[in-house]
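The report takes the site first, then a single residue.

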Amino acid sequence: MSYQASNDERKLKVVNLASLESQVKPRMEAGAFGYIRGGAEDEWTMQQNTEAFKHKKILPHILKGIDNANLHTSIFGIDLDTPVIEAPSAAQGLAHEKGEVDTAKGVAAAGSIFSISTYANTKIEDAAAAAPNAPQFFQLYMSKDDGFNKFILDKAVKAGAKAIILTADSTLGGYREADVLNDFQFPLPMPNLAAYSDKTGSGDGKGKGIAEIYAAAKQGLVLEDIQRVKQWTNLPVIVKGIQAAEDAEASILAGADAIWVSNHGGRQLDGGPASFDVLPAVAKTVAKRVPIIFDSGVRRGEHVFKALASGADLVAIGRPVIYGLNLGGAEGVKSVFDHINMELSITMQLAGTKTIDAVKNTTLLD
Ligand SMILES: Cc1cc2nc3c(=O)[nH]c(=O)nc-3n(C[C@H](O)[C@H](O)[C@H](O)COP(=O)(O)O)c2cc1C
């Protein structure tokens, strides 16, 4: 039987982002839901990701005449209506028939950045055409085959990508037990792999498990790959998956234009720290030389606030966007952004911070 995804298009009543997971569960095939929700091994790092925001506190400030919050910010000269962006995630056709096309539209309506994964269920050019005036990044899983790397990066450049995200923490998949239990295999083709496969016969991803997909990825990724991607594209390169300050330093010296602090939502190395707990040390080392994007475990406006106050310039959300896509298509994605922006606005006002710059200058309490 062919894979059935949602085709709902509707605004959502979001009470909080965390509750979306239980709303989605009964609507999705167990294998697809397990792949999206799951983390590595005991999911300890995944749980710590959200838990860790409790390690810092926001001191309220009053009588500062702040009657609204201004969420506008920018990166690489791109103006954004919010510091919250979408984290690149593969195979969004699992969540909705329109997949990345609807996510791109919803994110554009929120005035934010959509990033398309190498392993998307939509062609890069189709996602770009879905929101032609909105900024998009392309996320690269570098292949062992430079023919593929050049081919796909060329497509991204032609589609108008504003930056390349080089994901460096997933040269192989983490051990995710839900996928083992469900014998999960991607039920839908990955057209960006298919486009190249037409020439080489390397396959389109359909019917493959995670390990088989990652087998084509370059396990031996090195710092020099940053320059190679820069030279191939002439675009800013963001290195995603940084947790160690020394990796941030080495990446900047190797030419990274931004650092993406992430542990892949706890889907890769279990037993590692929460992404939020490593952010201050990375930010100290980066010392504002390049922007920092942060993700993993962000579910509340106060989490966004705390990440910004700890050194992030932008904050990304992963699973909640996919859940919004499943529940309501492009409108559902927009509803997720509206909700977290609303929580962030309230937090900012109650903390006595009117602008994103003011949030960034806030000192959190231990
Ligand atoms: C279903 C799913 C697929 C993902 N696919 C990718 C991907 O293709 N490339 C990538 O760089 N990160 C991918 N990620 C990681 C996200 O970009 C992000 O780091 C993570 O989801 C953030 O954690 P959160 O889900 O707790 O917000 C994926 C995450 C999920 C949940």
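This is a predicted model: local features need pLDDT of at least 70, side-chain atom pairs count only at pLDDT 80 or more; totals for chains, interfaces and linings use all residues.

The ligand sits in the largest cavity. Two elements give two or more residues to the shell around the ligand: α2 (30–37) and α14 (319–350).

The ligand is surrounded by 23 residues. The closest are P88, S117, T167, D295 and R299. Sorted by class, the shell holds eight nonpolar, 10 polar and five charged residues.

## Polar partners and cover

In D295, a polar side-chain atom lies 2.7 Å from an oxygen atom of the ligand. D295 is also listed among the closest residues. For R319, an N or O atom of the side chain is 2.9 Å from a ligand oxygen atom.

How much of the ligand's accessible area does the protein cover? On its own, the ligand has 600 Å² of accessible area, and the protein covers 99% of that.

## N341 in helix α14

Helix α14 also contains N341. Is N341 buried or exposed? N341 counts as buried because its relative accessibility is 12%, and buried means under 20%.

The N341 side chain has a polar partner within the protein. It forms a polar contact of 2.7 Å with the side chain of T82.

Methods
Residues are numbered from 1 along each chain as its sequence is written. Side-chain values use heavy atoms; hydrogens and water are left out. A residue is near a molecule or strand if one of its heavy atoms lies within 4 Å of it. A polar contact is a pair of N or O atoms within 3.5 Å; within protein, one must be able to donate a hydrogen and the other to accept it, and residues adjacent in sequence count only if both atoms are side-chain atoms. Accessible areas come from the Shrake-Rupley method with a 1.4 Å probe; for residues, only the protein chains shown count as cover. On a 1 Å grid over the protein atoms alone, a cavity is a set of points where a 1.4 Å probe fits but cannot get out, and a pocket is an open set with protein on both sides within 12 Å along at least five of seven lines; lining residues have an atom within 4 Å of a point. A molecule sits in a cavity or pocket if more than half of its atoms lie within 2 Å of its grid points. Helices (H or I, at least four residues) and strands (E, at least two) are DSSP runs, numbered from the N terminus. Ala, Val, Leu, Ile, Met, Phe, Trp, Tyr, Cys and Pro count as nonpolar, Asp, Glu, Lys and Arg as charged, and the others, Gly among them, as polar. Buried means under 20% relative accessible area, exposed over 50%, partly exposed in between (1.4 Å probe, protein chains only).
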